Amino acid sequence: MCGLIGVTGTSDAAKEVFLGLMNLQHRGQDGAGILALGGAAGMFNIQKGSGLVENIFSERSFKGLRGQLAIGHTRYATIGRNDPNLLQPFLDYKAGIGLGHNGNIVNIYSLRRELAENREVLPATESDSEMILSLMTGSLADRALAPDSLFAAIGHCMGKLVGAYAVVGLDASGSLFGFRDPDGVRPLVLGKRLDQDGKPAYALASETIALRYLGYNELNEVAPGEAVIIDAAAAVHRRVLKQSSFSPCMFEWVYFARVESEMGGVSVYEARFKLGLLLAEHLKKLGIVADVVVPVPETSRAAAIAIAEAMSLPFRELLIKNRYVQRTFILDGQEARQEAIRRKLFPIAGEVEGKRVLVVDDSIVRGNTGAQIIELLRQSGAREVIMVSTCPPIKNPCYYGIDFPSRAELIACDASNEEIAAKLGADRVVFQTIEGLRAALAQHSLCTGCLTGQYPTDISDARDFEKRRVKDRQSVLNGPRR
C-alpha cells in the first residue's frame with residue numbers, strides 16, 4: 001500500500017505534490033519521492049529519500065523541482081523492504097516517462113522470466129513498479145508521446161499485468177497520466193479546480209483527502225481498467241481499456257484510508273461508524289455485557305463510538321497513544337512492531353481497574369497489538385477484557401499490496417474464536433460478520449480475498465510472490481540487532 005499524487009497546470013506543482021504527500025503519509029512511511037518536469041529547458045528533476053515526507057524535502061529542495069507538472073509517491077514496502085533503490089517514482093530518461101505505483105503485481109516473477117527467455121532487457125531492480133515502467137516504455141519504442149500512444153502502451157501493460165495497481169505518471173511531452181487495474185482493487189481519484197487566472201488545474205491521487213486539501217473540488221474516481229491523460233494543453237482524455245470487475249479492497253475503508261476520505265461514493269468515516277453499529281447488533285445478540293467501550297487509536301474510534309451509543313455504554317479514550325510512534329502495522333518485522341506497540345499505547349489504569357472492558361480494534365491480523373493491549377489492561381486491573389474487531393477474521397494472504405504475505409502469520413488462520421481469544425489472552429473475541437462488512441461499505445462488490453480466499457484475479461503465480469515476501473521478512477528478523 002502506497003500513496004500517489006500527480007499535479008498539472010499549476011505554477012508550483014512540486015510544492016503541491018509535497019503537501020499532498022503529507023496528507024498521504026499514513027499510506028507509507030518507508031520513503032518518498034517527487035519527480036517534476038519544468039524549468040526553461042523542460043527538464044526532469046527528481047528527489048527521493050528514506051523516511052517521512054517532512055524529513056526528506058526542505059525549502060531548498062524545491063528550488064530544483066520547479067514546474068507545472070509533478071508526481072509524488074510515499075512508499076510502503078511489501079517487497080525489498082528498506083532498499084533505497086526501490087524508492088519511487090521511477091524514471092526512464094531516454095523514453096521520457098516516469099511513474100509511481102500503488103499495489104502489487106502477482107505475476108512479477110513470471111514476467112521477468114518471460115523477458116529473460118526473450119532476451120529482452122530486464123528492469124534493474126525487482127520492483128514491480130519498474131516492471132510497469134519497462135512494459136510501457138518497451139511498447140512506446142519509436143512512437144511519439146501522444147495520448148493515443150500512451151493509451152496503447154497502458155493497454156499493453158494491462159494485458160500483461162496480473163494483480164492490483166494504481167499508477168500515476170508523467171512524460172516529457174508535458175502529460176500527466178494515471179490508470180487503475182481492471183478490477184479496481186487499488187484506488188485512484190481525479191480532481192479539477194479553477195485557479196484565479198481561470199485556468200484549470202488537475203490532479204490524480206490515492207485518496208480524496210489529498211485533493212480536497214489542495215482545493216480540487218470536482219472529484220470523480222478513475223474506473224477499473226480506465227486510463228486518464230491530461231495533456232500539456234490541459235485537455236482531458238479518458239478511456240476504459242480493460243475492465244474485469246469492480247473489486248475495491250475492503251481494507252481501505254476498514255484501516256488504511258483516512259476518515260476524511262471518500263471511496264466508492266462512501267465516506268470512510270460513515271463506513272466505520274456503520275461497521276460499529278452493525279457490530280453492536282451482533283454483540284447484543286451474543287449477550288455481551290461490558291462496563292466501558294475503549295477504542296484502539298486511531299482507526300477504530302468511529303466504530304467504538306457507534307458501539308457505545310448503540311449499547312448505551314460509556315465511551316472512554318483509555319488507551320493513550322504516543323503520537324510520535326509510527327503506525328505499527330506497516331513496520332518491518334514482528335520484533336519491530338512489538339517494540340513499537342509497547343512505546344505506542346498505554347492505559348489509564350485508574351479508569352480500567354475492576355471493569356469489564358470492551359476493546360474495539362479495526363482488525364486483528366497478527367494479534368501483536370491485541371495481545372499487548374490486553375496484557376496492559378490486565379496489569380491495570382481490568383476484571384474482564386472482550387476484544388472486538390470491526391473486520392471479519394483475516395485468514396488468507398493479501399497479494400495486492402498489504403503486507404501479510406503468509407497464512408502462517410495470521411492469528412485467525414485455522415483458529416476458532418475461542419482459540420484466538422486464548423492466544424490473545426482475552427476473555428472473549430468477537431468479529432464483524434462478512435454480511436455486516438458488505439452492508440457497511442455499501443459496495444456492489446469488494447475484494448475480500450484475505451477473508452474468504454476468493455480473489456478477483458488469477459493467483460497461480462502467487463506462490464513465487466509469497467516466497468519472496470516471506471524471505472524479505474526473514475532477512476529483517478535475522479538482521480543486525482540493536
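What covers the buried residues of helix 1? In this predicted model, the cover includes strand 1 (3–8), strand 2 (31–38), helix 2 (53–56), strand 4 (69–75), strand 9 (189–194) and helix 6 (208–213), where covering rests on contact, meaning heavy atoms within 4.5 Å. Helices (H or I, at least four residues) and strands (E, at least two) are DSSP runs, numbered from the N terminus. The model being predicted, local features need pLDDT of at least 70 and side-chain atom pairs count only at pLDDT 80 or more, while totals for chains, interfaces and linings use all residues. Residues are numbered from 1 along each chain as its sequence is written, and side-chain values use heavy atoms, with hydrogens and water left out.

Helix 1 (residues 13–22) has 7 of its 10 residues buried, so it is largely enclosed by the rest of the structure. Buried here stands for under 20% relative accessible area, exposed for over 50%, and partly exposed for values in between (1.4 Å probe, protein chains only). The buried positions of helix 1 are Ala13, Ala14, Glu16, Val17, Phe18, Gly20 and Leu21.

Helix 4 (residues 128–140) and helix 5 (residues 147–160) cross at roughly 130°, and their axes come within 8 Å; axes are lines fitted to C-alpha atoms, for helices over the stretch in contact, and angles run from 0 to 180 degrees between N-to-C directions. Helix 4 and helix 5 are therefore oblique to each other, given that angles under 35 degrees count as roughly parallel, over 145 as roughly antiparallel, 65 to 115 as roughly perpendicular and the rest as oblique. On the helix 4 side, Ile132, Leu135, Met136, Ser139 and Leu140 take part, meeting Ser149, Leu150, Ala152, Ala153, Ile154, His156, Cys157 and Lys160 of helix 5. By class, this contact of helix 4 with helix 5 has 9 nonpolar, 3 polar and 1 charged residues (Ala, Val, Leu, Ile, Met, Phe, Trp, Tyr, Cys and Pro count as nonpolar, Asp, Glu, Lys and Arg as charged, and the others, Gly among them, as polar).

Not counting residues up to four places away in sequence, Met136 touches Ile97, Leu99, Leu150, Ala153, Ile154, Cys157, Phe177 and Phe179.

The second pair brings together helix 8 (residues 268–285) and helix 9 (residues 301–311), whose axes lie 7 Å apart at an angle of about 40°. That makes helix 8 oblique to helix 9. The contact of helix 8 with helix 9 comprises 13 nonpolar, 1 polar and 3 charged residues.

Val294 sits in strand 16 (residues 292–295) and is buried, at 1% relative accessible area. Beyond its neighbours within four places in sequence, Val294 contacts Arg316, Leu318, Leu319, Val357, Leu358, Val359 and Val360.

Several backbone details deserve a mention. Cis peptide bonds join Gln88 to Pro89, with omega about 5°, and Pro297 to Glu298, with omega near 5°. Glu298 lies in the loop between strand 16 and helix 9. Positive phi in a residue other than glycine is found at Ala234, near 70°, and at Ala442, near 55°. Ala234 is partly exposed at 29% relative accessibility, whereas Ala442 is exposed at 53%.
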